[in-house]
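Take a walk through this fold, one contact at a time. Keep the sequence and the structure side by side.

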Amino acid sequence: MPTVDDILEQVGEFGWFQKQVFLTLCLLSAAFAPIYVGIVFLAFTPDHRCLSPGVAELSRRCGWSLAEELNYTAPGPGAAGEASPHQCRRYEVDWNQSALSCADPLAGLAANRSHLPLGPCRHGWVYETPGSSIVTEFNLVCDDSWKVDLFQSCVNVGFFLGSLGVGYIADRFGRKLCLLATTLTSAVLGVLTAVAPDYTSLLLFRLLQGLVSKGSWTSGYILITEFMGLGHRRTVAILYQAAFTVGLVLLSGVAYAIPHWRWLQLAISLPTFLFLFYYWCVPESPRWLLSQKRNAQVMKIMGHIARKNGKLPLVDLKMLSLEEDVTEKLSPSFADLFRTPQLRKHTFILMYLWNLGVMVCSSLCDLGGIITPFLVFRLMEVWRGSPLILFAILGLVAGGVTLLLPETKGVTLPETIEDAENLGRIAKAKENTIYLQTQTAERAGT
């Protein structure tokens, strides 16, 4: 019985159909970038100072410029490496009293400014920015600056919890259904984030979006690789992730044009509803259909691929249905990843590599991304170079354990647990096989 890869060789491994699906799903990868790193623009922290009642009126009366107002009414810079005191502290002075002069309003209160008492910013802050962010709207500065880290950690918690179930959903109900359901849910939650009335609801919507958004990206990745032939699978997998980088570039331009975070969130969320048209543009994965004994649909999709690629449907397509009575319908579960020794080893190695990779590269994903926003800042308080040293050590360990994984270049993807368990062993056996060729020549005259 031929495999899906065998059939793809005949109907086209990277024809017009695969190119169309690839370009279409790359849009999904690019749209994932704002969810992944949108915090850079949604939660940017501009320069700020304490709001002191009466200072604005005194500044207008005295005709001060902004620099003069800060010089006369705000605490000076702190020690090297520390935040300026004017960002989180203010002089405990009644700026409405008429005795204050315009030349040096604090001179009559103390001989040295350092003797004046400082207090917290009870009346809020003034932000030096033409736009807005969740920081400026919810005042996530000074003692509440940790809430920005919590905002990002919430989406990472969602990524982590969602990744535990999305793979099962994709295997149980299909890649296409998983993609459409997670895309719709993520789009709705993105809109709800843009209209969140308070910080608590903002965290809730961000957490729920993390639960589903990575499943959408992963489903697209799986569909792309399963539609391609062996010779092109690695290339399209890399380019699919490169489309994420294109999304980062586009996000920068959109954020520059829309400096207000709520409108920016709407601008990056509303277009994702268009991905629901994938229902008509992208078929289900033939590999998954074959694992569910839906061979008639496999034959239909393969015939469609052949027509799109300008190939004639081959008789081999019908052979997929000949073993229907003896083919076991697969019911995968999360426990399958730990069912056999080789699968357990590969699973643990990949779990370590993914958590390490996201900590070093973006600090925004899964379990590593949950703790990284807090870990990095706490280590930097000890020494600025300590996070880099820690990640370098973890990276060296990751490079070492990667050598324990099997090579997949030019290898047929495993269709069953048994195939996954034997992945690498079969290749080694073939490499060690020695073929002897003998040639016999007939004697002349015989």
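Which residues in helix 8 meet which residues in helix 11? The model is a predicted one, and in it helix 8 brings A187, G190, V191, T193 and A194 to the contact. Helix 11 answers with W261, R262, Q265, L266 and S269. Sorted by class, this contact has 5 nonpolar, 4 polar and 1 charged residues.

Now look at the geometry of that pair. Two packed helices are described by the angle between their axes and the distance between the axes. Helix 8 covers residues 175-194, and helix 11 covers residues 261-269. Their packing angle is about 170°, and their axes lie 8 Å apart. Because angles over 145 degrees count as roughly antiparallel, helix 8 is roughly antiparallel to helix 11.

A second pair is set up in another way. Helix 2 (residues 16-37) packs with helix 14 (residues 295-308) at an angle of about 100°. Here the axes are 7 Å apart. The two helices are therefore roughly perpendicular to each other. From helix 2, the contact uses W16, F17, Q18 and Q20. From helix 14 come H304, I305 and K308. By class, the contact has 3 nonpolar, 3 polar and 1 charged residues.

Together with Y168, I169 and F173, L177 makes a nonpolar surface patch of about 370 Å². Helix 7 (residues 146-173) supplies the largest share of the patch, 3 residues.

Side chains of opposite charge can pair when their charged atoms come close. The model holds 9 salt bridges. One of them joins R49 to E69, with the closest N and O atoms 3.7 Å apart. This pair links distant parts of the chain, 20 residues apart. R49 lies in strand 1 (residues 48-50), and E69 lies in helix 5 (residues 66-73).

Terms used. Residues numbered from 1 in each chain as written. Predicted model: local features only at pLDDT ≥ 70, side-chain atom pairs only at ≥ 80, totals over all residues. Heavy atoms only, no water. Axes fitted to C-alpha atoms, helices over the stretch in contact; angles between N-to-C directions. Helix = DSSP H or I, 4+ residues; strand = E, 2+ residues; numbered from the N terminus. Parallel < 35°, antiparallel > 145°, perpendicular 65-115°, else oblique. Contact = heavy atoms within 4.5 Å. Nonpolar A, V, L, I, M, F, W, Y, C, P; charged D, E, K, R; others polar. Patch = residues over 30% accessible without salt bridge, like charges linked within 9 Å, V, L, I, M, F, W, Y side chains within 5 Å. Areas by Shrake-Rupley, 256 points an atom, 1.4 Å probe, with all protein chains shown as cover. Salt bridge = Lys/Arg side-chain N within 4 Å of Asp/Glu carboxyl O.
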